[in-house]
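Me: I would like to go through this model step by step. Could you take my questions as they come?

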Amino acid sequence: MLKKLAFAAVLAASALTAAPAWAVSTVEIINEPCSLTTGCLFSGNDNDPADIEAAYADVFGAPPLGLVFLFKYTPSGGAKETSGTWNWPTPVSYISVKAANNFMLYKVDPTVSSGPWSTIGLDEKDPKKLKDLSHYTLWGGPGGSAVPEPATWAMMIIGFGAAGSMLRSVRRKEALAAA
């Protein structure tokens, strides 16, 4: 029974982490060459860090950025925002600012936990035009402190459960042998 339960748990955890077969990266860098200090303009959506990493690596062949999701801000109630300030209690490595079909990715000084954001530069035809913000996303980098993903929590809980059940069965066997 325990083996069946463990197999079902592993199967469920792998289903949580697997990407659907139809998932295709549609993120591309628009402004080549670019610098993460001044911002790299991408077309597409910034929801999946793997897509951003792949598009960046396609152009630069650089080592991975190590994007780790921290927080996403979306204006509420149809508010039209074109600039502002972000704040986060821990240091942030990257920020992506999304408006319309494009987003800009910036590298942030890892010692700061707040800074300005703007939608300037997100319009390919008129880079000085401000577009209405869709959302901005704060990203941690390698070694940053981030909240584990649900699949990670599931695997950790399954591991603790399996270790606990093994200890319980060893204790039962020892109790039966002693009797």
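**Disulfide, salt bridge and surface**

Me: How many disulfides does the structure hold?
Reply: The structure holds one disulfide, a term for a pair of cysteine sulfur atoms within 2.5 Å. This is a predicted model, in which local features need pLDDT of at least 70 and side-chain atom pairs count only at pLDDT 80 or more, while totals for chains, interfaces and linings use all residues. Residues are numbered from 1 along each chain as its sequence is written, and side-chain values use heavy atoms, leaving out hydrogens and water.

Me: Which cysteines form the disulfide?
Reply: Cys 34 and Cys 40 form it, with their sulfur atoms 2.0 Å apart. The torsion about their S-S bond is about 90 degrees, so the disulfide is right-handed.

Me: Is Cys 34 buried or exposed?
Reply: Cys 34 is buried, at a relative accessible area of 14%. Cys 40 also counts as buried, at 0%. Buried means under 20% relative accessible area, exposed means over 50%, and partly exposed lies in between (1.4 Å probe, protein chains only).

Me: Turning to charges, which residue forms a salt bridge with Asp 132?
Reply: Lys 80 does, and the closest N and O atoms are 3.6 Å apart. The rule asks for a side-chain nitrogen of Lys or Arg within 4 Å of a carboxyl oxygen of Asp or Glu, and by this rule the count comes to one salt bridge.

Me: What is the overall make-up of the chain?
Reply: The protein chain has three helices and eight strands. Along the sequence they follow the pattern α-β-β-α-β-β-β-β-β-β-α.

Me: How confident is the prediction, as a mean pLDDT?
Reply: The mean pLDDT of the protein chain is 80, and 82% of its residues reach 70 or more; pLDDT is the predictor's confidence in each residue, from 0 to 100. Over residues 14–24 the pLDDT is below 50. Where pLDDT is low, the predicted coordinates should not be read in detail.

Definitions and conventions:
Contact = heavy atoms within 4.5 Å. Helix = DSSP H or I, 4+ residues; strand = E, 2+ residues; numbered from the N terminus.
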